[in-house]
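User: I would like a close look at a single part of this model, with whatever surrounds that part described in connection with it.

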Amino acid sequence: MNRRLSAAALLLAVLFSTFAVGCGPRNGSGDVTDAPGVLTLPPYEAPGESAPAPVQTLPEAEVRTEPTDGHNWELVSIPVKPGQKVPCAGSFRCTDCGQTEIRTITTADLGVPVIRIKGSLSGITKDNAGVVDFDYDGGSVAFSCQAKLTVQGATSSGFPKKNYTVRLMTEDGEKYKVSLSEKWGRHSKYCLKANYVDFSQARNIVSGRLYGLIAASGTVSDDLSRAPNYGAVDGFPVAVFVNGSFHGLYTVNIPKGSWMFGMNGGADTRQALLMAADWTDHVALLKTTSSFKHGWELEYCSTEDTDWIMPSFNEMINFVNNADGTRFRKLISRYVDVDRAIDALIFTTVFHGRDNVSKNILWATYDGKVWFPSVYDMDDSWGMVWNGQDYYAADDFPFSEVAGRNALWAKLWTNFRDEIKTRYRELRRGPLSINNVKEEFKAFTDSIPPCLYEADAARWPDIPSIKTSTYDQIVKYASARFKYLDKKIG
Ligand SMILES: [Zn+2]
C-alpha cells in the first residue's frame with residue numbers, strides 16, 4: 001500500500017494560524033481533571049482581556065492531521081459549506097478547556113474510513129464515467145490511486161445524492177486490487193452507496209448481514225459458502241469528501257455480481273446471475289422470456305456463450321407453474337435450491353419487502369440447472385416505503401399476501417407450508433430473535449458518530465427520512481412485525 005498526499009491536495013491546504021492557538025491558562029495544569037467525574041472549567045476570559053496565547057503559525061500549505069498537543073479533543077461537527085479553508089475539515093473542541101480548533105479529519109477521529117476524492121463528479125452518469133483521484137484511509141488499510149466512477153442504481157440515480165460504482169486503477173489504467181475487509185479478498189470494483197432514502201444507512205447492510213446469519217444457520221451449497229456473505233450484500237460506513245468538502249455519509253458495499261456469489265468461472269462451469277430489475281409478470285415467474293428483457297438483466301455469466309441461460313431459467317419457471325402437490329415437492333429441487341428459497345421468502349416477509357417480492361431479487365445458478373433467489377436492495381426494508389417518505393403498518397403483508405406476488409413463493413407456501421413454519425420458528429430463536437436484530441442494528445448505527453449523521457443531514461437536507469429513520473424506529477417496527485407474524489404462523 002502506498003500512502004501519499006498528492007501535491008494537489010497540499011495546494012488545497014491553508015494556514016491554520018487562527019485555530020492553532022495553545023490552551024491558554026490551562027496549559028500545563030493537571031489539577032482540574034484529577035477530580036473524577038467533576039469538570040471545573042477555568043473562568044472565561046474573553047480574547048484580549050488577558051495575555052493572548054502565542055499564535056502558532058504553520059508553514060504554508062501544510063495539512064494538519066495531528067491535533068494540537070495538550071488537549072483532549074472531541075470531534076463536534078463536520079462543516080459542510082463548500083469552500084472550507086481547511087480541506088476535509090472537522091471542528092474539534094477540547095473537553096477540558098473548551099478550546100476549539102478546525103483541522104483535517106482523520107479516520108481515527110471518526111472511527112470510520114475516510115475517502116477523499118479529487119476531481120469532478122458533475123457529468124458522471126451511468127454511461128459517462130469520470131476518472132478521479134481516490135484516497136482511502138481505513139486505518140489499517142490506506143492507499144491512493146485513481147478511480148473510474150459511474151452512477152449506480154436505477155431509481156436511486158434520480159436522487160440528488162448518487163450511488164457510484166468505483167473501479168480502482170493504477171496510473172496506467174490497470175485494475176488496482178485491494179482488500180477493504182478481511183473476508184472480502186482483494187478487488188478493484190466497489191460500490192459507494194448513498195442510501196439516500198434511508199437516513200440511518202443501516203437497513204440495506206444490516207439486512208444483508210442478517211440474511212448471512214440466516215443462511216449460515218441453514219443448509220448452504222459448498223459454492224455459496226465460498227461467497228463473502230452467502231450471496232447477500234455486505235458493507236460498512238465511510239465519510240466521503242470531494243475536493244476537500246464534505247460530500248456525505250456513504251457505505252462501501254460489495255457490488256452485485258460474480259464476487260457477491262463467489263463465482264470464479266473456470267473450465268466447464270455454468271454459473272450465471274440474473275437480476276430482476278423491473279416489475280413484470282416475467283420476474284414474478286409467471287411468464288417465461290426468451291432473452292434478457294421483460295425486466296431481466298444479466299449480471300454475470302461464466303461462459304462466453306450466454307444462450308443456455310434463459311432456456312435453463314425457463315425450465316424452472318415452467319416447472320413451478322405446472323407442477324403441484326407430490327410432484328412439486330418431489331422434483332422442485334432439480335430446479336430450485338429449496339432451502340435458499342424458503343429462507344429468502346421468510347426473510348423478505350419479515351422485513352416487509354414489498355419492493356423485493358419479485359423485483360430486486362438476484363437469481364443465481366452454479367451448475368446451469370438449479371437456481372436460487374437471493375435478497376437484494378433492502379434500503380426500504382423494515383416498514384419503509386420505497387421513497388423513504390412513509391412507513392407501512394407492521395401488521396399487514398403476511399406470508400399469504402407475499403405468496404400472491406411471485407409464482408415460486410405461491411407454490412412453496414402451498415406445498416411446503418410446514419417446512420416454512422418450522423424454519424420461521426427456528427430462525428426466531430436464532431438470527432431473527434428480536435435481540436439479535438437489535439444487536440446487529442445497534443452495532444451498525446453506533447459505529448457512525450452522531451456528528452457524521454448530522455453532517456449528512458446538513459449536506460443533503462432533502463433526504464426524506466432524516467427525522468424518522470433511526471435505530472429506534474427500526475427496532476420498534478421489527479418488534480411489532482415479529483409479534484404480528486408469530487401470531488400468523490402460530
Ligand atoms: Zn484543552
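Analyst: What follows describes a predicted model, starting with the core and then moving through the elements linked to its central residues.

The chain has 490 residues, and buried residues make up 40% of them. Its secondary structure comprises 14 helices and 14 strands. Of the contacts between residues at least 6 apart in sequence, 67% connect residues at least 24 apart.

The largest nonpolar core holds 115 residues, and within this core A239 and L345 touch the most other members. The element that gives the most is helix 8, residues 338-350, with seven residues. Residues come from both domain 1 (7-105) and domain 2 (265-489), so the core lies between these two domains.

L345 can be taken up next. Setting aside residues up to four places away in sequence, L345 touches V402, W409, L412 and I420. V350 lies in helix 8 as well. V350 counts as buried because 23 C-beta neighbours lie inside 10 Å, and 20 or more are required for that class. Beyond its neighbours within four places in sequence, V350 is in contact with L432, R481 and L485. The pair V350 and L485 is 135 residues apart along the chain, yet 7.6 Å separates their C-alpha atoms.

Seven strands close into a barrel, with the order 4-5-6-7-8-10-9 and mixed pairing. Opposite A239 stands L249 of strand 10. Helix 13, residues 450-459, packs on this sheet and touches both strand 9 and strand 10. The direction of helix 13 makes about 115° with that of strand 10.

Helix 13 has a buried side. Its buried residues are L452, A455 and D456. Viewed down the helix axis, these residues fall within an arc of 100°, so they line one face of helix 13. They pack against strand 9 and strand 10, and also against strand 1 and helix 3 (107-110).

Strand 1 belongs to another sheet. This second sheet is open, with three strands in the order 1-2-3 and antiparallel pairing. Strand 1 (73-77) and strand 3 (100-104) are its edge strands, each pairing on one side only. Here too, neighbouring strands are turned by 40° against each other on average, direction ignored. Between strand 1 and strand 2 (residues 89-94) there are four bridges, in the antiparallel sense. In this pair, S77 stands opposite S91 of strand 2.

A further pair of strands deserves a description. Strand 14, residues 371-375, is largely enclosed by the rest of the structure, because five of its five residues are buried. W371, P373 and V375 point one way from strand 14, while F372 and S374 point the other way. Strand 14 pairs with strand 13 (residues 361-365) through five bridges in the antiparallel sense. T365 is the residue opposite W371. The hairpin that these two strands form has five residues between the strands, and G368 takes a positive phi near 80° there.

Most residues other than glycine have a negative phi. W382 has a positive phi, near 50°, and lies in the loop between strand 14 and helix 9 (399-403). H294 also has a positive phi, of about 55°, although H294 is not a glycine. The loop that holds H294 runs between strand 11 (272-276) and strand 12 (296-301).

Is each of these two residues buried or partly exposed? W382 is buried, because 28 other C-beta atoms lie within 10 Å. H294 counts as partly exposed, because it has 14 C-beta neighbours inside 10 Å.

Terms used:
Residues numbered from 1 in each chain as written. Predicted model: local features only at pLDDT ≥ 70, side-chain atom pairs only at ≥ 80, totals over all residues. Core = buried A, V, L, I, M, F, W, Y, C linked by C-beta atoms within 7 Å. Buried ≥ 20, exposed ≤ 12 C-beta atoms within 10 Å, placed from the backbone. Domains from an automatic or database assignment. Contact = placed C-beta atoms within 7 Å. Pairing = 2+ DSSP bridges. Axes fitted to C-alpha atoms, helices over the stretch in contact; angles between N-to-C directions. Arc of directions from axis to C-beta.
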